[in-house]
Amino acid sequence: MLTALFLVVCMGDVHVRNETSYSVPLFPEAVFATEITKPEEVLGFPVGERTANPDQIETLLQQWSLQTERGLLKTYAHSHEGRPLSVMIISSPANLKKLDEYQSNIQKLRDPRKLSDGEAQNLMRDLPATAWLAYSIHGNESSGSDASIALIYYLLAAQSPELDRFLNEMIIFIDPMMNPDGRARFCKELQETRGQSPNFDNQSLLHSGSWPYGRTNHYFYDLNRDFTLGINPETIGRVRMINQWAPQLFVDAHEMGSTSTFLFSPAREPINLHLAGFNKKWGQTFAIDQAHAFDERGWRYFTGEWNDNWYPGYSFWCAYRGSLTILYEQARLAEDGVKRPEGTIMTYRESVHHQLASSLTNLKTLLENHQKMRQDFWADRKKVVSAESPYAGVTYAILPSQNGRRMREFIRTLQLQSFELYELSEAYRVKSATNQLGQKVADIVLPVGTLLLPRLQSEARLLTSMMEFDPRIPMETLKKERREILEKGGSIMYDTTGWCATMLHDLESYELPEGLPSKAKAYVAQDQGPLDQPLDAEALAYVWNGLDDNSVAVAARLMEQGIQVRVADETFKFEDDEFPRGSVLVVRADQSRAFAEIIPHLETVSKELSIKASAIHTGWGDGDLADLGGDHFQLLEKPHIAMYGRGTFSSYDYGSIWHVIDRYLGVSFSQLDSGSSHDLRRYNVIILPTNYGSLDESLLKRLKEWVKTGGTLITVGQSSAQIANEKAEFSKVRQLSDVLEKLDEYELDLLKKWEAKKMDWSTDEIWSNSPPNQQEFPWSNLPKRAEKDELAKQDAWRAQFMPQGAIFAARADQNHWLTLGCREYVPTMYSRDPLLMTTDEAPVRFGVMIPKAQAVPKKKAAETESLTRAGWAMTPEGQELRLRMSGLLWPEASDRIANAAYLTRERFGLGQIIMFASSPAFRGTTMGTIRLLINAITYGPGLGTSNVNNLDLPTP
C-alpha cells in the first residue's frame, strides 16, 4: 500500500496529501447491505489498491450471484485456456423474472417488417433501458475490470432511492473481464515485478511489461479487432449474447499511454458511413454529461484526437446494430501509479475511480433518455427496411465453392451476425454485376447453390459495412490524411482500411445492382452425407479434395501418425472421379503397415475435419491424365516444425501463426526462444515471424547451415527483409529500394514469363525459310528509365504513401506447389511491409493482368506506340493491371507495389527459403494467404528440399 506523499489534482487545485490514496472511499455516502460480501474480503485489499486477478473476480461474481436477488450471473463463453467469461445481469427482482419476455420484445423491434408501428410503441413503452458495460478487453489495461468490481458491488449492495430507480428502470449487463487469459498473464508478471517500495517510473517492467504482454488472448490475438468475423471463442460467445439483447448503450473501457489523461467518445472523422445518424446526436449528449462529471471532480479529459471510427471490427461493431457505443481510454497506471509530465503522481486507485465515475454517469444519462433513444432506433429501423432505404437494390452473390472449410466459416460468420441468407434454387442470369477486382461484367450466370445476401434487411448497416467491396473514405478525411503524410510522415488512419468479408475468406463474389432474385430461397445447410461411414480397406488409395483447405490438415495429421501421404501437382481423374491439383492421397502400396490398420486413422481425421475421403480402385488416368504411379503424385515428408518468438519478434504475427498450426493443421510444433541456442537438427521447418528489431548474427549463421542441409525456412514481413539484405549473404531476394539500378533485369524476368504465355505468333513466320527483315523484342518500345539517383528520389517519394492496411489482388502461379488449392489470384492484406524482388521463383505477385475493356487493335511494327509501365515493370499490350481490391491506396504507393513479389521461394543448398512480404495469417482472417502458409509448412519438406537429416522423432 502506498504511504508516500502524493501531489494530486483535486477540483483544479494542487495540494499535498499525507493519507494513502486508497483510504478515500469510492462511494462516500453509500450504505451497503451487510449480507453482500465486500470485495476486500475476497481480494485481501481495497478495490484499486492492486490489480484483481481473474480467479478473484470470478470468485466474487459467484459469491454475489448467490447472495442477491438483484443479479443473475451468466457465463457466455470460455477462453482458449478454459477460463469462464461471465456477465452479471443487474436489475430489480421483478425485471429479472421477466428477462425472457424483455429479450423477446427487443428482438421483435429489430425488424419493422414483422411489427406494426402501434405494436412497436406498446413494446417500447414497457421496456426498461438496457446497457452493456464491458471492461479490459486488453488484459494489461486493468483498471476497467477493477472498476467493474466496485460498480457491481454498488449496484448489488447499495441502498438508496436513486439506485432503486436504476434497478427498476434498467437492465444492466456488466462484462467485467473480457480477456481473462491476457489478464492472468498480466497479473502474473505484476506479481513477479512488484516491489516493497512503490515504483512510479513508467519505463519499469512493472508498468511496461514484457513479451508477449498481457494485451492479447492465449494466441496473442487482439480481441478488439475480432467482432465482425469472430475468430476466437471469447468473441463468439460475447457477440451471440449481445446480439440477443441489442443494448441501447455499450461501453468499452480501455487504457492508453501512461502520461495521457482520459479519452471518451465521440470519435473524430473518419466515421463509418453506415452508422446511423442518431449515434452522433446521442453521442454528443452522453459526452456533455461525462464532461460535466469530470469537470466537477477537476479531472482532465479529451475526446476525438487519435480516435476514429472507420474500421467496423472493433467492439463498436454493435453500433451498426443500433447501440450507442462509448469508448473509455484511461492513462495506464500499473498499481503503484506513474509520475506524470507535470510532476504529479496519479495512483492506480484514481484510474479505477475515473472508469467507475464514467460508468455511473453514462448510466444516469441513459436512464433519462432511453425512451427517446429507442424511438430514434425504431425510426431508423423502419427507414433501413423501407422501399426508400439507401440499402435497397443491391445483393451480394457468393459463388459455390469446393472449399468446405472456408464456406463453413463464412456461413458461421453470417449466422453469428444474424444476417438473412439465401441461396439460388436454380441457375440465374444477371445482366450486369461488379466483381471483386472492380470490373463491371455483363451477362453472367450464377449457378445453383450461389449464396445471396440482400442488403435490404434489418441488419443492413452491419451487413453492408462487412460485405461492401470498396468503402470510400470521405474527401475531407483524404485531404487530412495526405497532409499528415507529407507534413508529419504519419497517418490519421488508426487501423486497416480494407476488410471485406468475402475477400478475407477468399470466396468469389459479385455485387449485383438488384434486390433479391425471385429464384432465391432461404438458405438451409446441406447434408454432407455420413462422414463416419466405414472406409474400404481394399481400395488402392483414398483422396481428399485439394480445393478444401482441410485437405492440408489431413496430410499434416496423418503424417504425424506415421502414415505416408502424397499430393497431386496437377488435375487427375480415375474412372468417373476428377480431382484438382493439390488433392491429398494415401496410397495403400506406400504403407509399411497393413491398410486395415491405417483405415481407422483416415476415418477419424476425415470426420474431425468434415472432409470426405474418396476411394480409388484404379490408378489408370485416361489419355494424358496422370496415372497413380507417375511423378505427379509426390511423396511428402513429415514436417518437424519450430518457430522463433520473444525478443523483438511480433507477438501478433507469432500468435496468429501459432493459432494456424494448432487449430488449422492440428499438429505439434516447438516454440523457440530467440534469446537461446538450440539444436536445429531436430526440425525441418523453421518459421521466423515478422521481427521489428535485428536478427541475431549467430542465429543467422546457424540458420544458413541448417537450410543448406535441407531445412525449409519460412520468413514473414520484416524478418523477410532482413534475410533479403545483401549483407546477410543468405538469400538472393532483395527489397525494391536496394535494386533500383537493376530494375531492367527484374523486368526482363517478368517479360519472359509473360511471353511464355502468349500464343499469338504467326505460323508463317515460324515456318518461313528466310530470317525476318526486322526483329522486335518485348522491350523494344519501353520508355527509358531514369538514372539511379532520380529513381531513388522517386522511390523515397512513393514510399511515404505506403498503405496503413488494404486488400490487394495478387496473381498466383498455377504451376507452383505453394499455390496448391488457390484461385488464379489471392486477396492479400498488405501494409507498410517489405517489397520483395526476385528473378527466381515468385509464386505470388502483386497485381492481376486482365484484358482491357476495349483492347486497342494490334498495330504494325512501324505504328507501335511506346508501352507503359506499372511501377517498375511493363504492362503487356492490351492488358491492364488490377491491384487494389479494397481500402485506401494512394496512386504513388500503387505504382510502387505493383508486380513486387508477395511470396518467394528459392533453393539454398539442399534446403529452401520461403518469404512472405506480410503476415499471411493477419488476425486469423486472411484465408487465401493462410492456405499459402499451411502449404509451405506442410508440403515444404517433401516438395522443396532434399532433406538429409530424415528426422524420425517420437510421435507425440
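Modeller: Let us start with a term: buried means under 20% relative accessible area, exposed over 50%, and partly exposed in between, with a 1.4 Å probe and protein chains only. This is a predicted model, where local features need pLDDT of at least 70, side-chain atom pairs count only at pLDDT 80 or more, and totals for chains, interfaces and linings use all residues. Residues are numbered from 1 along each chain as its sequence is written, and side-chain values use heavy atoms, with hydrogens and water left out.

Biologist: Is Asn-899 buried or exposed?

Modeller: Asn-899 has a positive phi of about 75 degrees, although it is not a glycine. Its relative accessible area is 1%, so Asn-899 counts as buried.

Biologist: Is Glu-729 buried or exposed?

Modeller: Glu-729 is not a glycine either, and its phi is positive, about 50 degrees. Its relative accessibility is 64%, so Glu-729 is exposed.

Biologist: Where does Glu-729 lie?

Modeller: Helices (H or I, at least four residues) and strands (E, at least two) are DSSP runs, numbered from the N terminus. Glu-729 lies in the loop between helix H21 (718-723) and strand E32 (734-735).

Biologist: Which strands stand at the edges of the open sheet of 7 strands?

Modeller: Two strands pair if DSSP finds at least two bridges between them. The order is E3-E4-E6-E5-E7-E11-E8, with mixed pairing. Each edge strand has a single partner, so one side of each is left without a neighbour in the sheet; the edges are strand E3 (71-78) and strand E8 (262-264).

Biologist: In which sense do E3 and strand E4 pair?

Modeller: Strands of a sheet pair through backbone hydrogen bonds, either parallel or antiparallel. Thr-75 has Ser-86 in E4 as its bridge partner. Over 7 bridges, E3 and strand E4 (residues 84-90) pair in the sense called antiparallel.
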